[in-house]
Amino acid sequence: MHQKKAIAQAVALALAYTALGAAPAVAQDAQGPIQRVEVTGSSIKRASAETASPVQVVSREDLAKSGKGTVAEYLQTLTSDGAGSLPTGFGNGFAAGSTAISLRGLGATSTLVLLNGRRMAPFARADDGQKSFTDLSTVPMEAVERIEILKDGASSTYGADAIAGVVNIILRKDFVGTVLKAEAGESRYRDAGTGKASITWGRGHLDEDGYNVMLNAELYGSEMLKNKDRSDRAWIGHGDIRPWGYPANTQFASGFITPGASGATPSGALRDPATGNYVSLPGCAQFSVTAAQDPAGGCLWYQDQFRSMQPKIGGMNLYGRFTKNLQGGLQFYAEAGYSKRDTEFTLTPPATSGTIAFPPNAANPTGIINYGNAILMAAQHPQNPYGVPVRVRYSLFDVGPSTRSADNEFSRFVVGLKGTMAGWDFDTGIVHSQSTLDLDYSNMLNMKVLQAALGDPTNKYFPYYIGTQAGKNPASLYAALVTNAVSHSTTQLDVVDFKASRELMDLPGGALGLAVGAEYRHQSLDNPSLSGTLDGSINSSYVAAKGDQNVSAVFFEVAAPVLKTVELNAAVRYDKYKNFSSTTPKLGAKWTPVKTFALRGTYTEGFRAPGPAEFNAASQSTGNSTVSDPVRCPNGTPAAGGATLVDCAITIGAVKVGNPNLQPEKSKGYTLGMVWDPLDGTSLSVDAFKIKRSDEINPLSYVEAAALPTAIRNDNNLVVNGVAIPNTGTLLLSNAPYQNSSFTEVKGVDVDIKQRFRLGDYGRATLGLTWTHVASWVRAEKNGTRFQYAGTHGNCDTSDCAGTPKDKISTTLSWDRQNLNVTATANYRADMQNVQYAGAVCASKYADGSPAPGNCRLASFTTIDLSARYQVTQQLQVYGSIQNLFDKIAPLDPLTYGGMSYNPMDASGAIGRFFKAGVRYQF
């Protein structure tokens, strides 16, 4: 609390100082010819880069000073990035192996990412099995010229998916020379090593030679980091958080025994037919490294014994561009890009007792198999002392942990022609882009073989010995039992576009600008499920999507300087899909009463078309989410009759099925702000924003779906006064189709301050601060129920349950003197209530039943990064950085499933202080 107040006071002081005076950023340089530029969100070239829309520009210098190794790493430090962002370390998610940004916390699917102003094929597997997005890992960082982040919608220019904003990554176009670059890094623990090498070559000046060709290639890699590698870093990476006051059976625990139930255990546990409770087989110490064992007799173990914190990554990016000036003021250009990224992430050994979902068929019309009830140990099995078939809970340590390999390839080709003709500036091009993803999950189980080997005495593999006796099993059994599950997914995007702009009549403030454009787009996705999942044959649920779309669109835009101090702009776009059409307007106004001050505002409408994973009835996905079981944990308190605290934050499966009757999501967005340069060297912008996204495509919320009779539960029903209550067993899985059901409304303020200092002989310095305050983040369900997520750990229905902090602040202080630059960056995330939504009971509890963490709040987190560059000679530069300079430890987070006992937003506090050094040589 004190830290939050201190930061708020510091920001208030910065704002007060700015109000006393500062310098022109809106004003234009009066010397030399005025260069007209095109700004993200508009197709009209203009003399001023400052439009009615708030646009944050990240330069090559900003990227270099940050010390970040990839575009994704940098963008995920933006204060406008929120819940639904996909970090590298989220290896157990649907889209493992990818990275993405989520502006305003509205999800990666509502953030449109462009490369040089045009779309890219989305990642070949939808996040949460539903949401298509662009993988930022495919962008070569060394080739980036700048990044423009448009913080209001731009569907009127770009079409679908721009609800939360647009990220336009602009690559270099006119580079001459050769640059070699190499860097390496490792943590203070001397692990998690990274390396990258790149070469950039360019030849030909467009103005002098009439052509330019540029080539860039980079290779990179990073070592896998296991959670157990941080076993001495407080709670980081620990599944067992009892030393900090929590119960044993938290979300990353298994093997514990509760009335009528048991987690999967490496020694094996059998259900006593007389009592209905599970009893462990002997030999737990041979497998589990957990010292303080389960007092109920279970073989307790935690996922950090196996699971990765950060994946092993190896990859390459290639990019080339050729530009040629032609006669008549025309210019031909061509781009080619290729990216390959291989990611490997280790998870836990497989278990016998999963609940598996797949499309219904004649043999199984429900489409669900609860192997926890279906797999029995036969009465004749040598390890069964009960003389009758019994249920078994077993984690197959004898098979070993499963490794998820995700190999992604991305390619993109563009050819285009631009120039001036009959007074029009035009640009037309053809884009072909494709993404492929090969998944390979090792050590998966053939469940039919497992079922027979344990329960069918006539089967050739019977008996399958478990636990301490697994050494008796023949190799032939494992050859039949263990399999690799694979899939090959593709997405493809083909675009033909044309746009043109010109100046028309003169108005009091200047010339009226007009832009027109048209686009035809074909996009397709083929995402088959892992082999063996079509009928529940392996221990993984069915996740598949397939479909294609054709989109035709036209748009118009005008920019009208109706007075010398007032510019109005308007745009409208019409998109035609097979089953619906969408018309999206945008209005903007900017008033500049003096050169150093402007007021601006916009109104936008946007939409997101349902994707193949959502509209195709053959598409289905099953994911995991942490919920409070409304039956076994009403009002946050375990129910009488056998419920425990684990029921109050239980990880369940959630089946989501495509719906061909879906309509697009729609949005309305508003911004109102100012840009002010009150003193020389000072600039300030403040923009309030509001986005309302309606007709949202969601399954019923997991909490509501858990209360339905269609929810799948175990049969360990609550027993009160000796009477079992039907359908009250441990929650396993919920089931719901997609629907246009709800709306989300986000309100907040962005603040951006820059102050430049001239220090004479001591060089110059720049102080920058960006602050995003989320005042409200409300989701309303179809039945009218409203959930306020601002300042809470929700929304846990999306991605990695990272939460919605009300404030994120990034402050940068950069100092340049002669050939030296030193930059320090502080990133702050506000504290959050550890509740699923405002007003809910605490989502986590200590072992004594009190709210957790302390006062039911996840502490705020601040890290400071330091980077330095020194120009040794005109050609040679050396540089280095220290991430998390003071080695701050991320706060303990018991709720998120994106990181083990730490929030994925705080990953640098889990990895620890990280050093990087490199050299850059330019010919």
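This is a predicted model: local features need pLDDT of at least 70, side-chain atom pairs count only at pLDDT 80 or more; totals for chains, interfaces and linings use all residues.

Visitor: Start with sheets. What is the strand order in the open sheet with mixed pairing?

Guide: The general idea comes first. Strands of a sheet pair through backbone hydrogen bonds, either parallel or antiparallel. Here four strands form an open sheet, in the order β1-β3-β4-β2. Its pairing is mixed.

Visitor: Which strands are the edge strands?

Guide: β1 (55–59) and β2 (111–115). Each of them pairs on one side only. From one strand to the next, the twist averages 15°.

Visitor: In what sense do β2 and β4 pair, parallel or antiparallel?

Guide: Parallel, over five bridges. Strand β4 covers residues 165–171.

Visitor: What is the pairing in the open sheet β13-β12-β21-β20?

Guide: Antiparallel, with four strands. Its edge strands are β13 (278–280) and β20 (376–377). β20 pairs with strand β21 (residues 390–393) over two bridges, in the antiparallel sense. Met-377 has Val-390 in β21 as its bridge partner.

Visitor: Which residues form the nonpolar patch on the surface?

Guide: Phe-322, Leu-326, Phe-332, Val-415, Ile-430, Val-496 and Tyr-520. Together they have about 580 Å² of accessible area. Tyr-520 lies in strand β25 (residues 510–527). Its relative accessibility is 40%, so Tyr-520 counts as partly exposed.

Visitor: Next, charges. How many salt bridges are there?

Guide: Side chains of opposite charge can pair when their charged atoms come close. The count here comes to 37 salt bridges. Begin with Glu-61 and Arg-869, whose side chains meet at 3.0 Å, N to O.

Visitor: Why does the pair of Glu-61 and Arg-869 tie together parts that are apart in sequence?

Guide: Because Glu-61 lies in helix α2 (residues 60–66) and Arg-869 in strand β47 (residues 861–871), the pair ties together parts 808 residues apart in sequence. Glu-61 is partly exposed at 39% relative accessible area. Arg-869 counts as buried at 14%.

Visitor: Are Glu-183 and Lys-916 buried or exposed?

Guide: Both are buried. They form a salt bridge, with the closest N and O atoms 4.0 Å apart. Glu-183 is in strand β5 (residues 177–187) and Lys-916 in strand β49 (residues 914–922). This pair links distant parts of the chain, 733 residues apart.

Visitor: Which residue meets Asp-240 in a salt bridge?

Guide: Arg-242, at 2.8 Å, N to O. Asp-240 is buried, with a relative accessible area of 18%. Arg-242, at 21%, counts as partly exposed. Elsewhere, salt bridges that share partners join Arg-60, Glu-142, Lys-181 and Arg-920 into one network.

Visitor: Last, the backbone. Where is the peptide bond with omega near 0°?

Guide: Most residues other than glycine have a negative phi, and most peptide bonds are trans. The bond from Phe-462 to Pro-463 is cis, with omega near 0°. Pro-463 lies in the loop between α7 (447–455) and α8 (475–481). The bond from Ala-852 to Pro-853 is also cis, with omega near -15°. Pro-853 sits in the loop between β45 (851–852) and β46 (857–858).

Visitor: What is the phi of Asn-855?

Guide: It is positive, about 60°, although Asn-855 is not a glycine. Asn-855 is in the loop between β45 and β46. At 68% relative accessibility, Asn-855 counts as exposed. Ala-234 also has a positive phi, near 50°. Its place is the loop between β8 (225–226) and β9 (253–254). Ala-234 is partly exposed, at 26% relative accessible area.

Terms used:
Residues are numbered from 1 along each chain as its sequence is written. Side-chain values use heavy atoms; hydrogens and water are left out. Two strands pair if DSSP finds at least two bridges between them. Axes are lines fitted to C-alpha atoms, for helices over the stretch in contact, and angles run from 0 to 180 degrees between N-to-C directions. Patches are made of residues with over 30% relative accessible area and no salt bridge: like charges are joined within 9 Å, nonpolar side chains (Val, Leu, Ile, Met, Phe, Trp, Tyr) within 5 Å. Accessible areas come from the Shrake-Rupley method with a 1.4 Å probe; for residues, only the protein chains shown count as cover. Buried means under 20% relative accessible area, exposed over 50%, partly exposed in between (1.4 Å probe, protein chains only).
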